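Please look over the sequence and the model that follow, and keep both at hand while reading. The paragraphs after them go from the whole chain to its parts.

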Amino acid sequence: MFIKKTTEIPIDSIRANDQQPRQNFGEEQLIELRDSIKEFGVLQPLILKKENDGNFMLIAGERRLRAAAMAGLNKVPAIIKNATDEEIGMIALVENIQRENLGYIEEAKAYKTLMEKYGLNQLALSERLGKNQSTISNKIRILNLPEDIQDMLVKNKLTERHARALLKLDDDQLRRLIIEKVVKHSFNVKQTEKLVEEYLAKRENQ
């Protein structure tokens, strides 16, 4: 079996990846990971790219890097990969998706950034990532919602299906009114969809 070589790399020689799709790392989860690292060490190596100045750029593993620094480690295990900028962006996104804790809006923004940066359409991106084009399309559509509504969805931990229900409306003020009611009454997805349908029906009858 082929095993990729792992090397110990000083933390202060690693710089962050500006293509990291995750924006919210969660303080509580970082503390839990820090405590785990204190006891067991960093179990999964980071993926890095060596730069011309001898330092390293982080491709994947920012949560582990942050938690390791919090745990007081000076070095972390890493696999060095020679990757293009496009590959770096793809790897960072895929790692976060596979770990299943990347927010759906963060994921949508990452898809859009990769498409714009490398001139990819949805089909080309879906082929590179091994995901259905419809999945990528549905995620990106959520970015049609204004930034403040996106922020409200994230802040109140509303689901992707809540967001998609809002897309059925074309009035941003009405969307804000709906989401305020959803938050106030802790509506689930079905209740939210019903509320949206009621507003659409009212509009048709006016």
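What percentage of the 206 residues in the protein chain do buried residues make up? They make up 43% of the 206 residues, where buried means under 20% relative accessible area, exposed over 50% and partly exposed in between, with a 1.4 Å probe and protein chains only. This is a predicted model, in which local features need pLDDT of at least 70 and side-chain atom pairs count only at pLDDT 80 or more, while totals for chains, interfaces and linings use all residues. Residues are numbered from 1 along each chain as its sequence is written, and side-chain values use heavy atoms, with hydrogens and water left out.

The secondary structure of the protein chain comes to 10 helices and five strands, which are DSSP runs numbered from the N terminus (H or I of at least four residues for helices, E of at least two for strands). Its C-alpha trace spans about 70 × 40 × 35 Å along the principal axes. Of the contacts with a separation of 6 or more, 71% are accounted for by residues 24 or more positions apart, contact meaning heavy atoms within 4.5 Å.

We turn next to the nonpolar cores. A nonpolar core is a set of buried Ala, Val, Leu, Ile, Met, Phe, Trp, Tyr and Cys residues joined through side-chain atoms within 4.5 Å. In the largest one, which has 22 residues, Ile142, Leu145, Leu153, Leu166, Ile178 and Ile179 touch the most other members. The elements that give two or more residues to this core are helix H4 (104-118), helix H7 (147-155), helix H8 (160-166), helix H9 (172-185) and helix H10 (189-205), and the largest share, four residues, comes from H9. Apart from this core lies another, of 17 residues, among them Ile11, Ile14, Phe56 and Ala71. In soluble globular proteins, nonpolar side chains tend to be buried together.

Leu166 has its place in helix H8 and counts as buried because its relative accessibility is 2%. Not counting residues up to four places away in sequence, Leu166 touches Leu145, Ile149, Leu153, Arg175, Ile178 and Ile179. Leu166 and Ile179 are 13 residues apart in sequence, and their C-alpha atoms are 8.1 Å apart in space. With neighbours within four places in sequence again left aside, Ile179 is in contact with Ile149, Met152, Leu153, Leu158 and Leu166.

Helix H10 holds Thr192, which at 1% relative accessibility counts as buried. Leaving aside neighbours within four places in sequence, Thr192 is in contact with His162, Ala165, Val182 and Phe187.

The last topic is how helices pack in pairs. Helix H5 (residues 122-129) and helix H6 (residues 133-141) pack at an angle of about 120°, with their axes 8 Å apart; axes are lines fitted to C-alpha atoms, for helices over the stretch in contact, and angles run from 0 to 180 degrees between N-to-C directions. The contact is made by Gln122, Leu123, Leu125, Ser126 and Leu129 of H5 and by Gln133, Ile136, Ser137 and Ile140 of H6. Helix H1 (residues 27-40) and helix H2 (residues 62-70) pack at an angle of about 65°, with their axes 8 Å apart. Residues in the contact of H1 with H2 include Glu27, Leu30 and Arg34 of H1 and Arg63, Ala67 and Met70 of H2.
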